[in-house]
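Subject: Structure handover

Hello,

Please find the structure below, with its sequence. My notes on what was found in it follow.

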Amino acid sequence: MSRRVRGLAGALAGLLALAWAGAALALPPVWIVRDKDSEIVLFGSIHVLPPGLDWQPPVLAQALKHADDLWFELPIDGQSQVETANLAIQAGSLPPAQSLFRMLPAADSALMAKVAQDYGISPVLLDRLRPWLAEITVSAGVYRRAGADAGSGVEQTLAATATQAEHKAFETPAEQIAILAQGSDAEQVASLGETLHELVDTPDEYKTLVAAWMAGDMKALDREAVAPLRAASPALFKRLVTDRNIRWTRVLDERMKGHGLTVVVVGVGHLIGPGGVPARLRALGYSVVGP
């Protein structure tokens, strides 16, 4: 291990121990993966956040100063954002003769109308969308009402500030949209229905998630970020979470066979529990320190 990586490893370990010293210092979760000459810092993100949150753990800030490469789920740039939006509309629009309100069970259709009214979303727009894109659109309404936006989210913030590291991505916009769009109608309807029920029954769910993330509360994060999808649609959970975790772990395993310091920033739900990326890297024999 080079002197630079060895010294940085000690600094990161010290910062990580400080971050876990007590509830007063609770911060969003970080994992550090090591072998003899490589290190990966894994940070669990919330993609859309209210502005003004002091969320960045010192261990992450320190790692970003020295990172050789910085990995996101998708490329974080204007061209990729436009491409993603265009592909989503192409793949997520229903044929002219179909109606999302008619696709849903009557109770869920009524819930979607209520959610549209509560969150200022056009029901005409929702009616033209496939369930997976309607679910994303409804979630965007929740973020707007909470004063949150992607520009204040983790990825946009770090991409703008961590300019010295080489930026990389696990997926292209086309690959991610394909993952979202390929599920069956029944699978998508079940997931949308779960989200609609959550918004009506527990309207502060997003605030609860952000609070759990800021506190590094792993049990609450599992409950809020992972368990609902796992319960509502196991097949969708496998495709959106488990299968991607497996692919990303393979990429990081190859990266660990090289040398240097890598920072990885992906949705926090991908890092939690026995199926998360940290647990999978630990199972491959790497040292993994984290919550």
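**The sheet and its strands**

Val33 has Val288, in strand E6, as its bridge partner. Please keep in mind throughout that the model is predicted. The pair belongs to the contact between strand E1 (residues 30–34) and E6, which run antiparallel and are joined by three bridges.

These strands are part of an open sheet of six strands, in the order E4-E3-E5-E2-E1-E6, and the pairing in the sheet is mixed. Which strands stand at the edges? They are strand E4 (166–169) and strand E6 (287–289). Each has a single partner strand, so one side of each is left without a neighbour in the sheet. On average, neighbouring strands of this sheet are turned by 20° against each other, direction ignored.

E1 also pairs with E2, in the antiparallel sense and over five bridges. E1 and E2 form a hairpin, with three residues between them.

**How E2 is enclosed**

How many of the eight residues of E2 are buried? Eight of the eight are, so E2 is largely enclosed by the rest of the structure. As background, side chains in a regular strand alternate between the two faces of the sheet. In E2, Ser38, Ile40, Leu42 and Gly44 point one way, while Glu39, Val41, Phe43 and Ser45 point the other way, and all are buried.

Helix H2 (residues 58–66) lies across E1, strand E2 (38–45), strand E3 (69–72) and strand E5 (260–267). H2 runs at about 130° to E5.

**Helix H9**

The next part to look at is helix H9 (residues 173–181), whose buried residues are Pro173, Gln176, Ile177 and Ile179. Seen down the axis of H9, these buried residues fall within an arc of 155°, so they line one face of the helix. What covers them includes helix H3 (78–92), helix H7 (131–145) and helix H13 (234–256).

How do H9 and H13 lie against each other? Two packed helices are described by the angle between their axes and the distance between the axes. The axes of H9 and H13 come within 10 Å and cross at roughly 140°. H9 and H13 are therefore oblique to each other. On the H9 side, Gln176, Ile179 and Leu180 take part in the contact, and on the H13 side they meet Arg239, Leu240, Arg244 and Arg247. By class, this contact of H9 with H13 has three nonpolar, one polar and three charged residues.

**Ala181**

One more residue in helix H9 is Ala181. Ala181 and Leu111 are 70 residues apart in sequence, and from C-alpha to C-alpha they are 23 Å apart in space.

Regards

Methods:
Residues numbered from 1 in each chain as written. Predicted model: local features only at pLDDT ≥ 70, side-chain atom pairs only at ≥ 80, totals over all residues. Heavy atoms only, no water. Buried < 20%, exposed > 50% of the residue type's maximum accessible area, 1.4 Å probe, protein only. Helix = DSSP H or I, 4+ residues; strand = E, 2+ residues; numbered from the N terminus. Arc of directions from axis to C-beta. Contact = heavy atoms within 4.5 Å. Pairing = 2+ DSSP bridges. Axes fitted to C-alpha atoms, helices over the stretch in contact; angles between N-to-C directions. Parallel < 35°, antiparallel > 145°, perpendicular 65-115°, else oblique. Nonpolar A, V, L, I, M, F, W, Y, C, P; charged D, E, K, R; others polar.
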